[in-house]
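Here's a quick briefing to read with the model open beside you. Take a look at the structure first, then work through the topics below.

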Amino acid sequence: MDKIQKQALLKEYYENDAKKLRKEVDRILLKFGGIYQKDYDDFYSLANEVFVDVLSRYDVTKDFEGFLHSCLSNKIKTEITARNREKRMVDRLSVSLDAPIGDDETILADVIAGDFNMDNEIWGTKEEEKYSAKMVSYLNRLSQMQREILRFHAEGYSPQEIQKELHISREKYSDCKAAIYAYRNISLLF
């Protein structure tokens, strides 16, 4: 392909803010579905790379549009597959902080080392008698039973001891503890 033909194709695909090239990418992406609008710019950039490559490898005996479409489809499909594979890898490696550990009611979040301790955040030290506005708001979201469980937990009682003290079932304890640590409640503390 000579220089004049390349310039003609460049003009055809890139005039009006690359309208024709973008239209081709949009047509391909419609087949895949589930693409966020913010990702379209990534695919438009990818299309620019493919276009330059196709332009350099194009054999004039074949249809340019068909060749470009085929190369774009393959590259976009490869990119989407790579992105999905990456997401699956992350999902397989993730573990819920609410995952149970052992036979008692202990969850992973209870044993992870860190400076943040919800019990200390809620109850503070014994010398403190005032709570912050955030703390008061958090505590107001909890039921009386949930507050009692939280108090016993802060005092070092085991899940079985708390259940015995409050005369509640294991299921009731689990439900209350889930509400105590639920994001919708603790998000007030952040």
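Helices here (H or I, at least four residues) are DSSP runs, as are strands (E, at least two), and both are numbered from the N terminus. Bear in mind that this is a predicted model: local features need pLDDT of at least 70, side-chain atom pairs count only at pLDDT 80 or more, and totals for chains, interfaces and linings use all residues. Residues are numbered from 1 along each chain as its sequence is written, and side-chain values use heavy atoms, with hydrogens and water left out.

**Positive phi away from glycine**

- His167 is not a glycine, yet its phi is about 55°.
- You'll find His167 in the loop between helix H8 (159-166) and helix H9 (170-180).
- His167 counts as exposed, because its relative accessibility is 73%; the cut-offs are under 20% relative accessible area for buried, over 50% for exposed, and partly exposed in between (1.4 Å probe, protein chains only).
- Asp17 is another non-glycine with a positive phi, about 60°.
- Asp17 sits in helix H1 (residues 3-32).
- With 59% relative accessibility, Asp17 counts as exposed.

**Helix H8 and its buried face**

- Which residues of H8 are buried? They are Pro159, Ile162, Gln163 and Leu166.
- Looking down the axis of H8, you'd see its buried residues within an arc of 100°, so they line one face of the helix. That arc is taken from the directions from the helix axis to the C-beta atoms.
- Those buried residues of H8 pack against H7 and H9, where contact means heavy atoms within 4.5 Å.

**Tyr173 in H9**

- Tyr173 belongs to helix H9.
- Leaving out residues up to four places away in sequence, Tyr173 touches Glu105, Ile149, His153, Pro159, Ile162, Gln163 and Ile168.
- Pick out Glu105 from that set: Tyr173 and Glu105 are 68 residues apart in sequence, and their C-alpha atoms are 8.8 Å apart in space.

**How H6 meets H7**

- Two packed helices are described by the angle between their axes and the distance between the axes.
- For helix H6 (residues 133-141) and helix H7 (residues 144-154), the axes come within 8 Å and cross at roughly 120°. The axes are lines fitted to C-alpha atoms, for helices over the stretch in contact, and the angles run from 0 to 180 degrees between N-to-C directions.
- H6 and H7 are therefore oblique to each other; angles under 35 degrees count as roughly parallel, over 145 as roughly antiparallel, 65 to 115 as roughly perpendicular, and the rest as oblique.
- On the H6 side you have Tyr138, Leu139, Asn140 and Arg141, which meet Gln146, Arg147 and Leu150 in H7.
- The residues of this H6 and H7 contact divide into three nonpolar, two polar and two charged.

**Salt bridges**

- Side chains of opposite charge can pair when their charged atoms come close.
- How many salt bridges does a search of the whole structure find? The search finds nine, a salt bridge being a side-chain nitrogen of Lys or Arg within 4 Å of a carboxyl oxygen of Asp or Glu.
- One of them joins the side chains of Asp42 and Arg83 (3.0 Å, N to O). Asp42 lies in helix H2 (residues 40-57) and Arg83 in helix H3 (residues 64-93), so this pair ties together parts that are 41 residues apart in sequence.
- Asp42 counts as partly exposed at 40% relative accessibility, and Arg83 counts as partly exposed at 23%.
- Asp53 forms a salt bridge with Arg57, their closest N and O atoms being 3.0 Å apart. Asp53 and Arg57 are separated by about one helical turn, because they are four residues apart in helix H2.
- Asp53 is partly exposed, with a relative accessible area of 34%, and Arg57 is partly exposed too, with 47%.
- Arg151 pairs with Glu148 in a salt bridge, with the closest N and O atoms 2.8 Å apart.
- Both Arg151 and Glu148 are in helix H7, three residues apart, about one turn of the helix.
- Arg151 counts as partly exposed at 29% relative accessibility, and Glu148 is partly exposed with a relative accessible area of 23%.
- Elsewhere, salt bridges that share partners join Asp39, Asp42, Glu79 and Arg83 into one network.

Note on methods:
Ala, Val, Leu, Ile, Met, Phe, Trp, Tyr, Cys and Pro count as nonpolar, Asp, Glu, Lys and Arg as charged, and the others, Gly among them, as polar.
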